[in-house]
Amino acid sequence: MSSDEADVLDGIGDLIFQEPSDYYPPPKPATFESKTLPTGEALRLRLVGHNPLWGHHLWNGAQVVTDYLYDHARDLVHGRTILELGAGAGLPSIAAAIWGAKQVVVTDYPDEDLVENMRMNIDAAKDVLPRSADIVAKGHVWGASTETLLSCLKPGWCGFDTLILADLLFNHSQHAALVSTIQSTLVHLPHARALVFFTPYTPWKFDKDMAFFDLARKGGLRVMKVVEKIMDKVMFEDDRGDELLRRTVFGYELSHEHTGSQ
């Protein structure tokens with residue numbers, strides 16, 4: 001076969017295996033959710049158009065944990081360092097920065113769209129954030145090294161005071177990774193808390209959601225239930241399973257069994 005014939009065949013192959021321009025559906029546009037905080041600040045949160053990691057929803061867990069932070073701001077927010085995992089839009093983190101957190105690191109999977117979306121929401125909140133607010137967005141894989149996260153802290157700080165995990169427990173395969181990240185980032189002091197809030201969106205797997213807390217206890221963490229709130233409606237109307245469970249947000253505080261002096 002001559003080189004010219006090979007070139008022709010290569011060209012035909014390119015045409016055969018090249019998808020037409022309309023083969024893939026166009027990416028879904030970003031959507032926006034408005035949220036007014038208990039202190040009156042109005043936030044307009046950008047959500048990615050669609051993401052396989054579910055960052056395109058403003059989850060019930062994020063909204064309820066935000067209210068919980070407000071109710072317990074003296075212990076959990078004021079002057080505290082805060083880390084959020086799997087943040088999506090970053091609502092609780094932005095609220096904490098508004099309410100006087102010393103430093104906030106808001107994270108999600110290191111996908112360019114997800115991380116940039118968090119940064120856009122931080123920028124959009126500049127008008128209501130205090131000038132002293134210290135809040136940054138980072139990518140992080142649960143269970144991976146937390147050195148980059150801890151390096152965000154000011155010198156002398158060896159961990160975060162408050163961790164936020166909102167609606168992450170449906171990722172059953174990632175429970176061990178989440179516990180590992182809590183263990184390595186939550187400071188070993190009596191006041192430190194990891195807030196784990198979730199809804200059993202697949203009620204027939206509720207026991208698998210709750211298995212996270214067994215794993216946390218085995219890892220040396222205390223577990224205390226602090227919230228059980230029934231929302232007005234379910235997030236996903238077409239889903240199956242117990243509707244009451246699908247409307248309920250459960251909230252837990254985790255802390256280290258053994259801590260240093262404050």
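Let's start with Ser 93, a residue found in helix H4. Leaving aside neighbours within four places in sequence, Ser 93 is in contact (heavy atoms within 4.5 Å) with Glu 84, Val 104, Val 106 and Ile 135. Ser 93 is buried, with a relative accessible area of 0%. Here, buried means under 20% relative accessible area, exposed means over 50%, and partly exposed lies in between, using a 1.4 Å probe and protein chains only.

A word on what you are looking at: this is a predicted model, where local features need pLDDT of at least 70, side-chain atom pairs count only at pLDDT 80 or more, and totals for chains, interfaces and linings use all residues. Residues are numbered from 1 along each chain as its sequence is written, and side-chain values use heavy atoms, with hydrogens and water left out.

How many residues of H4 are buried? The count is 8 of its 8 residues: Leu 91, Pro 92, Ser 93, Ile 94, Ala 95, Ala 96, Ala 97 and Ile 98. After H4 comes Gly 100, whose phi is positive, near 100°. Helices (H or I, at least four residues) and strands (E, at least two) are DSSP runs, numbered from the N terminus.

Now move to strand E3, residues 81–85, where 5 of its 5 residues are buried. In a regular strand the side chains alternate between the two faces of the sheet. Both faces of E3 are covered: on one side sit Thr 81, Leu 83 and Leu 85, and on the other Ile 82 and Glu 84. From E3 the chain crosses through helix H4 (residues 91–98) to E4, and this β-α-β crossover is right-handed. That term means that, with the strands pointing away from the viewer, the path from the first strand over the helix to the second runs clockwise.

Which strands pair with E3? The table shows the partners; two strands pair if DSSP finds at least two bridges between them.

| Strand paired with E3 | Residues | Sense | Bridges |
|---|---|---|---|
| E4 | 103–108 | parallel | 4 bridges |
| E6 | 162–166 | parallel | 4 bridges |

Individual residues mark these pairings: Glu 84 stands opposite Val 106 in E4, while the bridge partner of Ile 82 in E6 is Thr 162.

Is Leu 149 buried or exposed? Leu 149 is buried, with a relative accessible area of 2%. Not counting residues up to four places away in sequence, Leu 149 touches Leu 83, Val 105, Thr 107, Lys 138, His 140 and Phe 160. The C-alpha atoms of Leu 149 and Lys 138 are separated by 7.9 Å, and these two residues are 11 residues apart along the chain.

Helix H2 (residues 60–71) has 12 residues and reaches 17 Å from its first C-alpha to its last. That is close to the 16 Å expected at 1.5 Å a residue, where the expected span is 1.5 Å times one less than the number of residues. Among the buried residues of H2 are Asn 60, Val 64, Tyr 68 and Leu 69. Their cover includes H4, E6 and strand E9 (248–256).

Finally, step back to the whole protein chain, which has 9 helices and 9 strands. Buried residues make up 45% of its 262 residues. Of the contacts with a separation of 6 or more, 70% involve residues 24 or more positions apart.
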